[in-house]
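Please look at the sequence and the model first, then read the points below.

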Amino acid sequence: MKRLQQRRQAAGLSQSQLVEKVDGLSVRTLQHYEQGSMNINKAAAETVVRIAQALDCRVEDILELEKPEQFIF
């Protein structure tokens, strides 16, 4: 399970509910990020920030990083 999906589920949101909170994000794109068929690390920074804000978490909490503790924002 991808970190984005874990955060979304922990927030108690469905995919549709999260998409409603993030302008410009479609359910299909969110599904791709959660399934790993699209790399969220390569998403537009603005999109990643908006998703993190909607989930009330840090950007590094939803990115797929090898060592998140070393991520400097």
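Leaving aside neighbours within four places in sequence, I40 is in contact (heavy atoms within 4.5 Å) with L4, Y33, V48, I51, I62, L63 and E64. The model is predicted, so local features need pLDDT of at least 70 and side-chain atom pairs count only at pLDDT 80 or more, while totals for chains, interfaces and linings use all residues. Residues are numbered from 1 along each chain as its sequence is written, and side-chain values use heavy atoms, with hydrogens and water left out.

**Nonpolar core**

- I40 is also among the residues with the most contacts inside the largest nonpolar core, together with L4, L18, I51, L55 and I62.
- That core has 19 residues; a nonpolar core is a set of buried Ala, Val, Leu, Ile, Met, Phe, Trp, Tyr and Cys residues joined through side-chain atoms within 4.5 Å.
- Two or more core residues come from each of α2, α3 and α4, and α4 gives the largest share, four residues.
- Helices here are DSSP runs (H or I, at least four residues), numbered from the N terminus.

- The buried residues of α1 are L4, Q5 and R8, where buried means under 20% relative accessible area (1.4 Å probe, protein chains only).
- They lie on the same side of α1 because they cover an arc of only 95° around the axis; the arc is that of the directions from the helix axis to the C-beta atoms.
- These buried residues pack against α2 (15-21), α3 and α4 (45-54).
- Helix α1 (residues 3-10) packs with helix α3 (residues 27-35) at an angle of about 115°, and their axes are 7 Å apart.
- Axes are lines fitted to C-alpha atoms, for helices over the stretch in contact, and angles run from 0 to 180 degrees between N-to-C directions.
- On the α1 side L4, Q5 and R8 meet L30, Y33 and E34 of α3.
- After α1 comes G12, with a positive phi near 75°.

**E34**

- E34 belongs to helix α3 and is buried, at 6% relative accessible area.
- The side chains of E34 and R8 make a polar contact (2.6 Å), that is, a pair of N or O atoms within 3.5 Å, one able to donate a hydrogen and the other to accept it; residues adjacent in sequence count only if both atoms are side-chain atoms.

**A43**

- A43 sits in the loop between α3 and α4 and counts as buried at 16% relative accessibility.
- Not counting residues up to four places away in sequence, A43 touches Y33 and V48.

Definitions and conventions. Buried < 20%, exposed > 50% of the residue type's maximum accessible area, 1.4 Å probe, protein only.
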